[in-house]
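Trainee: I am new to this structure. Please take one part of it and go through that part closely.

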Amino acid sequence: MAVGEGAHFVEEFSLARRRVLRFLAERCGFTVFAMEFGFSEAFPLDRWLQGEGDDGDLAKASRAAAEWGAADLMHWLRHHNRTSGHPLRFAGLDLPEAGGALRPALEPVAEYLREVDPDALHLVDTVLEISDRFLEGCGSGAAAAPAWAGLEAAEQNDLTATLARLLLRLRAVEQLYVSRSSQSRFDVARRRVEAACHTDYMFQAANALMSGRALAADLSVREIYLAESVRWHPRRSPP
């Protein structure tokens, strides 16, 4: 079931969505709650919602959830999971920080590569070294796009090329990575790299829009990632 909203940060929409969620969880036995939230950032938040840490640790698990109006919902979810026979798993669908960051997606990939392929770590290091020069403090795709435009063209191209090489590396040696970890861990790592590639594309697409040079439907890159994530999670979840 999909529950939308007419605009972000409208209290009535949030309250209505929370009541529908409670009904689906408490009366209908739903077990997965997927949200327009960073795919990668959702994993540590889900661990907290399943009982990891203390009740006051929401900001440690997810600064975004604590600061962007979702704190009450997340505390209810944690309580529900503690007391219900049908706990809810939390799943993220979106690009990191709505297309305004790369670190939330790529830092866990770096940890993964240290275990399965240390020789490929330099690819992540290169991307983060470039992105740190323009993404600090952005927090959204709208802020990241003009910051990206301030990079030299050679750096913009290096960022894109290195991310493409990283994704192709994962695809080329999937069986090796799986043998050194697991299929599920590989799938998550690949999805995180795909998020980074989509985010990088959005930098250019959003900047072109702001500059009056947008290609038709160019910003649908983010929507494609969201739609693919809606399929990705059920395929890897219990019935």
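Mentor: What follows is a look at helix 9 and its surroundings. The model is predicted, so local features need pLDDT of at least 70, side-chain atom pairs count only at pLDDT 80 or more, and totals for chains, interfaces and linings use all residues. Residues are numbered from 1 along each chain as its sequence is written, and side-chain values use heavy atoms, with hydrogens and water left out.

Helix 9 covers residues 153-172; helices are DSSP runs of H or I with at least four residues, numbered from the N terminus. Its 20 residues should span 28 Å at 1.5 Å a residue, and the end C-alpha atoms are 28 Å apart, which agrees. The expected span is 1.5 Å times one less than the number of residues.

Gln-156, Leu-159, Thr-162, Leu-163, Leu-166, Leu-167 and Leu-170 are buried in this helix, where buried means under 20% relative accessible area and exposed over 50%, with a 1.4 Å probe and protein chains only. Seen down the axis of helix 9, the buried residues fall within an arc of 135°, so they line one face; the arc is that of the directions from the helix axis to the C-beta atoms. An α-helix has 3.6 residues a turn, so residues three or four places apart point the same way. On the other side of helix 9, Ala-154, Asn-157, Arg-165, Leu-168 and Ala-172 are exposed.

The buried residues of helix 9 pack against helix 6 (103-116), helix 7 (121-135), helix 8 (141-149), helix 10 (174-180) and helix 11 (183-210), contact being heavy atoms within 4.5 Å.

Technical notes. Helices (H or I, at least four residues) and strands (E, at least two) are DSSP runs, numbered from the N terminus.
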